[in-house]
Amino acid sequence: MPGRLHVVATPIGNLGDLSPRALETLRAVAVVAAEDTRHTRQLLAAFGATAKLVALHEHNEAEQCAQLIARMMRGEVVALVSDAGTPLISDPGFRLVRAARAAGITVSPVPGACAAIAALSVAGLASDRFVFEGFLPSKSSARRERLQAVVHEARTLIFYESSHRILDSLRDMAAVFGAQRPAVVARELTKHFETVLDGSLETLVARIEADSDQQRGEFVVIVEGAPESDSGAELALGRRIFTALRTHLPPSQAARLAAEISGAPRKALYRDAPPE
Ligand code: SAM
């Protein structure tokens, strides 16, 4: 009988958020695959768990996967954790989960904290439909390009950000989405200096610029989606222009021009186009 893989969420700051079932699982398994074994050793020690720790991070995930799968095929039960929150959410583990499922191993979640969901739950922005964008690129040009790709997105947007780049990213968001777009900056959730600021992107930049304490720690940035009517109208216009241009131009050129004229995202026009 193959073993099992438990994907176990750990706290994002407050140790009280480790669930009783997560604790029971971490105490029961033979092996814990962890992003940073030193960090997880401290967590396990705090709760009296003594499982063997195996490092699984972005640089060794491919090789470690094979060994962990072999262990589970021999019947061992493995828990996967990351440094904080839910594994695979801007954290390693995707390859291992995919390989385990392909090998017929049961993969079972032990859910818990996730910074994106914790932030969304207190942001007061529409939460019925949202898009998780994770970390933005570190270079401003690539970051703006990524933001531009979602400028017409009507669903609420969720980003992760670090203290090094919070201001630069917020400035780029204000430049691309518009200074008045409402947003929320959730900092140090569940920790001593937890702060949730809301306002337009412009006011958030000013507030965080003015207070260096607000630039410290870990951040989730949540941005209100584009107004539905705008994005819908732009997309409809873009599609009409694209259809007209396509009879005269190669599809990629037609999509680029149609996007430029209408303001609709180029990829959406290209993707929605009926086959020739
Ligand atoms: N897997 C984690 C999760 O479930 O949220 C996320 C890991 S990712 C490497 C780390 C990023 O998550 C941080 O840079 C920050 O953007 C966000 N984050 C983690 N803990 C946070 C907290 N306590 N408050 C605000 N954001 C946090």
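**View 1. The largest pocket of the predicted model has a volume of about 730 Å³.** A pocket is an open set of points on a 1 Å grid over the protein atoms alone, where a 1.4 Å probe fits, with protein on both sides within 12 Å along at least five of seven lines; lining residues have an atom within 4 Å of a point. Of the 29 lining residues, Q148, A149, V150, P265 and A268 are closest to the centre of this pocket. Helix α9 (228-246) gives the largest share of the lining, five residues. The lining divides into 11 nonpolar, five polar and 13 charged residues.

**View 2. The second largest pocket holds about 470 Å³ of space.** Its lining has 25 residues, and A84, A115, F135, Y160 and E218 lie nearest its centre. Strands β7 (156-162), β8 (182-187) and β10 (218-223) each supply at least two lining residues.

**View 3. Strands β2 (residues 31-34) and β3 (residues 52-55) pair in the parallel sense over four bridges.** Pairing requires at least two bridges found by DSSP; strands (E, at least two residues) and helices (H or I, at least four) are DSSP runs numbered from the N terminus. A34 stands opposite A55 in β3.

**Notes.** Residues are numbered from 1 along each chain as its sequence is written. The model is predicted: local features need pLDDT of at least 70, side-chain atom pairs count only at pLDDT 80 or more, and totals for chains, interfaces and linings use all residues; side-chain values use heavy atoms, without hydrogens and water.

Technical notes
Points joined across faces, edges and corners; volume = space filled by probe spheres on them. Nonpolar A, V, L, I, M, F, W, Y, C, P; charged D, E, K, R; others polar.
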